[in-house]
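Here is a short briefing on one protein model. It is grouped by topic for quick reading.

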Amino acid sequence: MPTNLPAEYYQVEEQYKAAETMPDKIRLLEELISTIPKHKGTDKLRADLRRRLSKMKDSASQRKGGSRQSSPFQIEKEGAGQVVIVGPANVGKSSLVKALTNADPPIAAYPFSTPIPVPGMMPFENIQIQLIDTPPLSKEYEEPQLMHLIRLADLVLLVLDIQGSVMQQFEDSLALMRDYRIIPLHLRDEADAANPRLTFKRLHVIVNKVDDAALDEDFQVLCELIGDDRCPFVPISANAERYFDRFKQLVYDKLDIVRIYSKPPGKEPNMNAPFVMRRGGTVEDFAEKVHKDFVESLKSARVWGHGVFEGQHVGRDHVLHDGDVVELKT
Ligand SMILES: Nc1nc2c(ncn2[C@@H]2O[C@H](COP(=O)(O)OP(=O)(O)OP(=O)(O)O)[C@@H](O)[C@H]2O)c(=O)[nH]1
Ligand SMILES: [Mg+2]
C-alpha cells in the first residue's frame, strides 16, 4: 500500500467498506480510484482497484440480465464509419448527436448528464455514418471503457465550448487521453511514433455553441490563437443548427473513405446504394466487399469514373476512386 495517499482516500475507503448495495459499492469504488494521485508509486494500487471495479460491474450486469451482458461501451460499428463524439462536460455533445442523428440522448443544463454512450446514425448524401455520444472526459470521473471506445473508433471528434474556456478544455482533454496513451495522429511527430504502447488516433476539434455572428468573431480569435493549420478547429452550433453541412462534409472527408457503385453486367448501377471502402482500395478489395467468393472467381472488371475511359477494362490492382462504377465479371 503506497504511504502517500490523501486523507480523502481513507474517508472514501471507509464509506466503500460500509456500502451495502452493489450500485453503491461500484459508485464508491469509482470515487475511491479518483482520489488516488497518479504516479509510479500508485500504479499497482490503481490497477488492482480498477480490476476489482470491472469485476463488480461484470457481475452486476450478469445479475441484471440473467446472462452476461456486453458493456454499453462496446458498440458495434454500423454504416460507413464509427465516429466518437468526446469532450468535457456540458459542451453540447449530446445536443449535437441529437440534432444530427436519429438518436435521442439525454440533454441537460447540468454537467455529467450522459452516463453511457448513445449511438445514432447521421445521413450524409447516400450513406449513413455512426456518431456516438459519450460521457464527458473528466479528471474527476475517469472512464477507462470510454478510452477503449476511443481507441477502436474510426474518427474522434473532440467537442469544445466557445462560451467556456476553450483552450483549457482542449488541453485538459488531450492530457486525459494521453494518460491512456491516446495521442492525436497529427501530433505523431512530437510523440514517440515507434512506441507500440501508444495509439495514434485521427482527431478533429469541433467548437460548439457558435450560435451567432458575434460568436463567429470569438471563433476567429481562437483560430488565430491556435495558429496550427494541421488541426484546424471547426465551428458548429447544435442549438442554432449552424454549419451542419460543413460538419458532415468534414466527417466524411476525415473518415478517408470512398463510395463505389456496383454495376451488374448489362444493367444500370444502383446509385443509391454504394459500397464503402477505405481510400486507396483496389478492384480486388471491392470484389471482396460485394461477395467474398468474388475474389477467387473474378475474371475481369470494367470501370467508369476517375482516370479511366468509359468502361475501361482494369486489373485487380487498379485503385478505385470516390464515385467510380465497377462491373465485375465472374
Ligand atoms: N447556446 C448553446 N447552448 C448549447 C448548444 N449545444 C448545447 N447547448 C446547451 O449546453 C447544455 C449541455 O448540453 P448537452 O448536450 O447535455 O452537453 P453534453 O456535452 O452532452 O454534457 P454531458 O453529457 O453532461 O457531458 C444544455 O443546456 C444545452 O442546451 C449550442 O449550440 N448553443
Ligand atoms: Mg451528454
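Predicted model: local features only at pLDDT ≥ 70, side-chain atom pairs only at ≥ 80, totals over all residues.

**Domains**

- The protein is divided into domain 1 (7-65), domain 2 (82-255) and domain 3 (257-329).
- Between the C-alpha centres of domain 1 and domain 3 the distance is 52 Å.

**Helix α2**

- Helix α2 covers residues 22-35, which makes 14 residues.
- From first C-alpha to last, α2 reaches 20 Å. That is close to the 20 Å expected at 1.5 Å a residue.
- Its buried residues are Ile26, Leu28, Leu29, Glu30, Leu32, Ile33 and Thr35.

**Second largest pocket**

- The second largest pocket holds about 470 Å³ of space.
- Its lining counts 19 residues. Closest to the pocket centre are Pro144, Gln145, His148, Arg151 and Tyr180.
- Which helices each supply at least two residues of this lining? They are α3 (43-65) and α5 (144-152).
- α5 gives the most to the lining of the second largest pocket, with six residues.
- Domain 1 (7-65) and domain 2 (82-255) each contribute at least three residues to the lining of this pocket.
- By class, the lining of the second largest pocket has nine charged, six nonpolar and four polar residues.

**Largest cavity**

- How many cavities of 30 Å³ or more does a search of the whole structure find? The search finds one.
- The largest cavity contains about 30 Å³ of space.
- Two elements give two or more residues to the lining of the largest cavity: α6 (166-179) and β5 (182-184).
- The largest share of this lining, three residues, comes from β5.
- Leu174, Met177, Ile182, Ile183, Pro184, Lys201 and Leu203 line the largest cavity.
- By class, six residues of the largest cavity's lining are nonpolar, one is charged and none is polar.

Key. Residues numbered from 1 in each chain as written. Chains lettered and ligands numbered in written order. Heavy atoms only, no water. Domains from an automatic or database assignment. Helix = DSSP H or I, 4+ residues; strand = E, 2+ residues; numbered from the N terminus. Expected span 1.5 Å × (residues − 1). Buried < 20%, exposed > 50% of the residue type's maximum accessible area, 1.4 Å probe, protein only. 1 Å grid on protein atoms, 1.4 Å probe; cavity = no way out; pocket = protein on both sides within 12 Å on 5 of 7 lines; lining within 4 Å. Points joined across faces, edges and corners; volume = space filled by probe spheres on them. Nonpolar A, V, L, I, M, F, W, Y, C, P; charged D, E, K, R; others polar.
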